[in-house]
Amino acid sequence: MRESIVFIGMSGAGKSTVGVLLAKALGLGFVDTDIVIQQQTGRTLQDILDKDGIDAFLKIEEAAVTGLRAPKCVIATGGSVVYSPAAMAALRAQGIVVYLSAPFSELEARLTNISTRGIVIRPGATLRQVFDERKPLYEKYCDITVDCSGCDTEKCVAGTIEALKAAVPWNL
């Protein structure tokens, strides 16, 4: 039963920040899959990436997400979750998938800690290349896109609620 709201999008789009406030506004629980990974492994995302590599990280992420049971929650995912069809199928089974979209220039300005934030970027790749690679995946997997360009957090929460009301027969 799809009773949760799942945020996907690039790092810096506001998935966790908007997610917490949306959960509070709607009286839902909140789960951040990055924190789930850290709790399950006892390590930071960046430590996993640095010591085990990207492929190992993606396997850990997939296992954490496919094993997640979070009914009536807002779920904020890591930006790389869209690389796993299995993880996305599991998330879609739990809830409506909302893509928080923001232009590259805004994301780049927000992400001042790329080397320590635990972002999946292959060696030699740029943030722009990651953005260009992931954007079609976010669009493929989402049920709703919320454009957060130029919006503060409160406007993004309000925009998400309005988009959900228009798309979902829920009592929001």
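Where is Lys72 found? I looked this up first. Lys72 sits in the loop between α4 (54-66) and β3 (73-76). I keep in mind that this is a predicted model.

**Entry: Lys72**

I checked the backbone of Lys72. Its phi is near 50 degrees, a positive value in a residue other than glycine. Is Lys72 buried or exposed? I find Lys72 exposed, because its relative accessible area is 52% and the cut-off for exposed is over 50%.

**Entry: the sheet**

Next I turned to the strands. In what order do the 5 strands of the open sheet stand? I read the order as β2-β3-β1-β4-β5, with parallel pairing. β2 (29-32) and β5 stand at the edges. Each of these two has a single partner strand, so one side of each lacks a neighbour in the sheet. I noted the twist too: from one strand to the next it averages 25 degrees.

I then went through the pairs of strands.

- β1 and β3 run parallel and are joined by 3 bridges. Here Ile5 stands opposite Val74 in β3.
- β1 and β4 run parallel and are joined by 5 bridges. Val6 has Val97 in β4 as its bridge partner.
- β4 and β5 (residues 144-147) run parallel and are joined by 4 bridges. Leu100 stands opposite Val146 in β5, and Ser101 has Asp147 in β5 as its bridge partner.

**Entry: strand β1**

Ser4 is in strand β1. Ser4 counts as buried because its relative accessibility is 0%. How many residues apart in sequence are Ser4 and Cys73? I get 69 residues in sequence, yet 4.9 Å in space from C-alpha to C-alpha.

Ile5 is also found in strand β1, which spans residues 4-8. Ile5 has 0% relative accessibility and therefore counts as buried. Gly19 is 14 residues from Ile5 in sequence and 8.8 Å from it in space, C-alpha to C-alpha.

How many of the 7 residues of strand β4 are buried? I count 7 of the 7 in β4 (residues 95-101), so this strand is largely enclosed by the rest of the structure.

β5 reads otherwise. Its side chains alternate along the strand. Ile144 and Val146 point to one face and are buried.

**Entry: the core**

Which residues touch the most other members of the largest nonpolar core? I find Ile8 and Leu100, in a core of 56 residues. I listed the contacts of Ile8, leaving out residues up to four places away in sequence. Among them are Val81, Val82, Met88, Val97, Val98 and Leu100. Ile8 also touches Lys15, Thr77, Tyr99, Tyr138, Tyr141 and Cys142.

Helix α8 (residues 153-167) lies across β1, β4 and β5. α8 runs at about 150 degrees to β5.

**Entry: α3 and α4**

Last, I looked at a pair of helices. At what angle do the axes of α3 and α4 cross? The axes of α3 (residues 45-52) and α4 cross at roughly 135 degrees and come within 7 Å. The two helices are therefore oblique to each other. Leu45, Ile48, Leu49 and Asp52 in α3 meet Ile54, Ala56, Phe57 and Ile60 in α4. By class, this contact has 7 nonpolar, no polar and 1 charged residues.

Which residues of α3 are buried? I find Leu45, Gln46, Asp47, Ile48 and Leu49. What covers the buried residues of α3 includes α2 and α4. Just after α3, I noted Gly53, which takes a positive phi of about 95 degrees.

Methods:
Residues are numbered from 1 along each chain as its sequence is written. This is a predicted model: local features need pLDDT of at least 70, side-chain atom pairs count only at pLDDT 80 or more; totals for chains, interfaces and linings use all residues. Side-chain values use heavy atoms; hydrogens and water are left out. A nonpolar core is a set of buried Ala, Val, Leu, Ile, Met, Phe, Trp, Tyr and Cys residues joined through side-chain atoms within 4.5 Å. Buried means under 20% relative accessible area, exposed over 50%, partly exposed in between (1.4 Å probe, protein chains only). Contact means heavy atoms within 4.5 Å. Axes are lines fitted to C-alpha atoms, for helices over the stretch in contact, and angles run from 0 to 180 degrees between N-to-C directions. Angles under 35 degrees count as roughly parallel, over 145 as roughly antiparallel, 65 to 115 as roughly perpendicular and the rest as oblique. Ala, Val, Leu, Ile, Met, Phe, Trp, Tyr, Cys and Pro count as nonpolar, Asp, Glu, Lys and Arg as charged, and the others, Gly among them, as polar. Two strands pair if DSSP finds at least two bridges between them.
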